[in-house]
Structure formats: structure tokens, C-alpha cells
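Open the model in your viewer and keep the selection tool at hand. This tour goes stop by stop.

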Amino acid sequence: MNPLALVGRSALAACETVGHLALFALDAVLRGLRGPWYPRQIFRQMVEIGYFSLPVVGLTAIFTGMVLALQSYTGFSRFEAQNAIPTIVVLSMTRELGPVLAGLMVAGRVGAAMAAELGTMRVTEQIDALTTLATDPMRYLVFPRLLAAVLMLPLLVLVADVIGVLGGFLVSTLKLGFGPIEYINRTIDHLESEDVASGLVKAAVFGFIVALMGCYQGYHSRGGAQGVGAATTLAVVSASILILTADYMLTEIFFSR
Amino acid sequence: MNGTAPKIRIRGLEKRFGGKEVLRGLDLDVPAGRSLVVIGGSGTGKSVLLKCILGILPADGGSIQVDGEEVVGANDATLNRIRLKFGMLFQGSALFDSLPVWENVAFGLLARRLANRRTAKEIAIRTLARVGLGPDVADLWPAELSGGMQKRVGLARAIATEPEILFFDEPTTGLDPITADVINELIRRSVRKLGATALSITHDMASVRKIADRVAMLYDGRIIWEGPVGAIDRSGNPYVDQFIHGRADGPIRVLQLAELDEAPGTAAG
């Protein structure tokens, strides 16, 4: 086969997928905003995404904060710059690690579940059944998940920020010889509202990405159990890649001044 | 046919999947208040026909009218209005796993805001009774039910909003003969009680004889025979004869048995 044709076909296929995804997202948001709304569905998804993700996000955050403090100490002590540890921990957590790690953990937990649930509904004709009951699947299934993820990811990240800083605080005060008051003061002194806000905006975008990829892959799954499995894998992989890509682009927008 | 306008009128319906033509200019009338069963082999496009009528799959050509209103090319609002006339029992029941039985049955009532949750549950329990299920089933989850019970819940969901038109997609597939007969009887009673128009697709001849007023046979993307159920045994159509008697030999070539015998490495019997 002609290698140029292969490259061309791959590029066209990629463009087609991006186009489908964009239209799917636009359709879901526009239909969802027009209503009717399904508050029970939205609430159920908020509990599923927010409340049930707390343990995994919390554990990730506390160990990340602890490792961050430990690593920073071993590196920074070479330059007598240990005092910067509280600042390093809080800025890393709020700007970067909180949203990215929470996004990736939620992609693994919630994005996969969404793809599996919608994929199963597709192959067992439950989505067709919704349509015959004059209920729009985009409004009933997709929009509540998108909205709940956009609302709950920032809350999860806020909790992750606090727990991550707590992890750094525990290691620094119990192991590295920092005084508790001194650590807290140094944390607060160099923290600006912009640091937290940028992380929360990132979290909302990551939430949208996770729910979108979970819903898109599940909604379009075909071919029984194998199709549902493939949709689940694709949802997690594509959401993770898009989160990391979006993270760079958002960081450019927020901090490249 | 009684001369009145059909409830569903299909002309020249075409549907393709890639290069494969599934429906090739299908014509069919479903008379109001009657039960029409479409028979045909697996993969002949029976389910595709139902989904095209409901607007779940867009037709590639032709016309589908429900009470004179065009489905092909209709916008979402029109399609949703038309769908309010329908109830459907799916092949695999298609119950919503995430909802208890009563919410499955009452889904149409709640979605259309025809009742509050308390009233909807009462209606659901009454509808479950009509398909022979007790109130104890109402709070169970679909996964806790047997295949036959799931079909009955699916039927209850289809009739709960008292629709004008009922669709049954392979209603007895996967059921033992006795349970299948129970489902057929429930379908017959439900359609009669509602005075609804029914369109069923099946390849179960026991089901056809029990629930059909009229029968149509789908083959090669078109309706090749249609008539009253009583006339099916003397249709004079070799395709219908082969199908209703379940013979491998005949004009419908599913598997070339003679060629299989002659294939290299196949021992002659």
C-alpha cells in the first residue's frame, strides 16, 4: 500500500472522529440546556462522580503531597532551600497535581463506568427503548453526566488540594523538622487565589472531558460484550490523553505571561 | 382490509447499511385496530423495519406515514409526538437495569409527567397485575427476574401508557413453549383490551397463529405475501410454505446443503 495514502487515510479518519466528537458534545449540551431536565439523574450522577470518588481522590492526594514534600526536601536541601517546601507543595497541588491526578483517577473510575453502562444500554437496546418512550437519550443519559462531572470535579479537586497540602504538612512536621505554625504560614504567604482558581477551571474542563469520552464511547459502542470492553478502554485512554493535552493548553493560557 | 385508512402506511421503504441493501422498496399497510405479524428469516430486516417506523433508524428512501403523518425526514419534535402513540416490547425486554421494576413500568408516565411518583407506582402495580405479576415484583430489580418475568414486565411497560399502537419484536424468543404461550396470550389480551393496532415480528409460527389477524412475509427486502392468518397454510407461495414448515430445502437458500455434502473433506453420509 502507498505509505502516503495510508497517512492521508489516517489523518482523514482522525479528523472525522474529532468532528463526530465535537458534534456529539455540541448536540448534548444544546439539547440538555433546552430541557426537559432530569434532576434525579443529575443528582444521581453528582453522587456517583463526586461522593463515591472521594476515597480514591483523597488517597491519591495525600500520598502525592507526602511524596512531594519528601522529594522536594531531598532535592532542595542541596541548595539550602528547604524553606521553599511548603510553597512547592501548595503550588504544585493547587495548580497542577490536584486537577490532573483527580482528573486521571476519575477518568479511570467514572469514565470507564459511564462507557460500560451506556455501552451495555446500547447493545441491550435500552437506549432504543428510551427513544420509544419519547425520552431523548442525549437529555436523559448524556447531559446529566456532563453537567455532574463539570460541577463535581472542581469540588473533588478542592478537597484534593486540602488533603495534598495536609500530606505535605504531616511529612514536613513529623519527619523533616518543620514547625506546624511556620509551615502553615509559609503555605498561606505564597498562595494566591489565582493558583486555586486556575486549578478549579482545569478541573471543570477535565470533568467535561471525562464524561464526554465515557458517554461518546459508550453511546457508540457496537458488537456485544467485546464492543463494550473496547469502548471502556477507549474512554479511559482517550480521556487521559485529552486531559494531559488540555492541561498543557490551559497552563499556557493561565501562566504564560 | 376494511377500506378505512391504514394506521401505518409504508411505501417504497429503503434502508441500506454500507453497501448492503436490507429493505428494497418495501410496501406495507397496518390496518387500524388489527394485529399484523411480519414473518421472515433471521437477518431479513424485520427489526430494521420496526426501527425505521419509530424513527430510531433513518430510512434511506420511501415513505412511512403514521395516521397520515410522515416519519421519514421528520424533525425531532414531530418524531417525539408520533412516538407518544407507540408502546414496544423488545426482543431482550430492554428493561432499564438502574431502575426497579415499577419505575420501568411507569417510565413513560413519569417521563411525560402524566402522573406523580406515588400515582405512577399505583398504576405500575395495577399494570403488573394485568400481566400476571404481583405487587411484590414492583420493588425488585430487573436482574432479579427470570426471562419470562422480564418479558411480562416489558409488556407491562409497553401497555402502561395505553398506546394506540403496540410493537412486539420477537416476543417469544428464548422462552420455553409454555412461557411463550403465556406471553402470546397476554399480548392477545392486551391488544384486544386496549383496542390497539399491533405490529409484531417473529419467526415463531405458534406465536403467529396465536396473535395475528393478518400475516405478511418479508423476504429479500420486500413483502412477498400478505393475507389473513387463516390463509397462511394455503398461500400458494413457495417461500411462505417453506418458511412455515421450517424446511431447509426450497427457494429460500440459507445453507447450500448439497454443496456442503460435496465439499472437499466432507464425508458423505
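Predicted model: local features only at pLDDT ≥ 70, side-chain atom pairs only at ≥ 80, totals over all residues.

The stops below start with a whole chain and then move to single residues.

**Stop 1**

Follow the chain from the N terminus, and the elements read α-α-α-α-α-α-α-α-α.

Along the principal axes, its C-alpha atoms fill a box of roughly 65 × 55 × 35 Å. Chain A has 257 residues, and 47% of them are buried. Next, consider the contacts between residues at least 6 apart in sequence: 85% of these join residues at least 24 apart.

**Stop 2: the surface of chain A**

Switch to a surface view. The accessible surface of chain A is about 12,300 Å². Carbon and sulfur atoms account for 72% of that surface.

Colour the charged side chains next. Chain A carries 16 positive and 17 negative ones. The centres of these two sets lie 6 Å apart.

**Stop 3: a nonpolar patch**

Select A:Tyr51, A:Phe52, A:Leu54 and A:Val159. Together they form a nonpolar patch on the surface.

Zoom in on A:Leu54. This residue belongs to helix α3 of chain A, which covers residues 54–76. Is A:Leu54 buried, partly exposed or exposed? A:Leu54 counts as partly exposed because its relative accessibility is 32%, between the cut-offs of 20% and 50%.

**Stop 4: A:Ser198**

Stay in chain A and move to helix α8, residues 193–219, where A:Ser198 sits. A:Ser198 has 3% relative accessibility, so it counts as buried; the limit is under 20%.

What does A:Ser198 touch, leaving aside neighbours within four places in sequence? Show A:Arg95, A:Phe254 and A:Phe255: A:Ser198 is in contact with these residues.

**Stop 5: B:Val105**

Pick helix α3 of that chain, residues 101–105, and select B:Val105 in it. B:Val105 counts as buried because its relative accessibility is 1%.

Now display its contacts, again without residues up to four places away in sequence. B:Val105 touches B:Ala124, B:Thr127, B:Leu128, B:Val153, B:Ala156, B:Arg157 and B:Ala160.

B:Val105 and B:Ile159 are 54 residues apart along the chain, and their C-alpha atoms are separated by 8.6 Å.

Conventions
Residues numbered from 1 in each chain as written. Chains lettered and ligands numbered in written order. Heavy atoms only, no water. Helix = DSSP H or I, 4+ residues; strand = E, 2+ residues; numbered from the N terminus. Buried < 20%, exposed > 50% of the residue type's maximum accessible area, 1.4 Å probe, protein only. Contact = heavy atoms within 4.5 Å. Areas by Shrake-Rupley, 256 points an atom, 1.4 Å probe, with all protein chains shown as cover. Lys, Arg positive; Asp, Glu negative; His and termini not counted. Charge placed at Lys NZ, Arg CZ, Asp CG, Glu CD. Patch = residues over 30% accessible without salt bridge, like charges linked within 9 Å, V, L, I, M, F, W, Y side chains within 5 Å. Salt bridge = Lys/Arg side-chain N within 4 Å of Asp/Glu carboxyl O.
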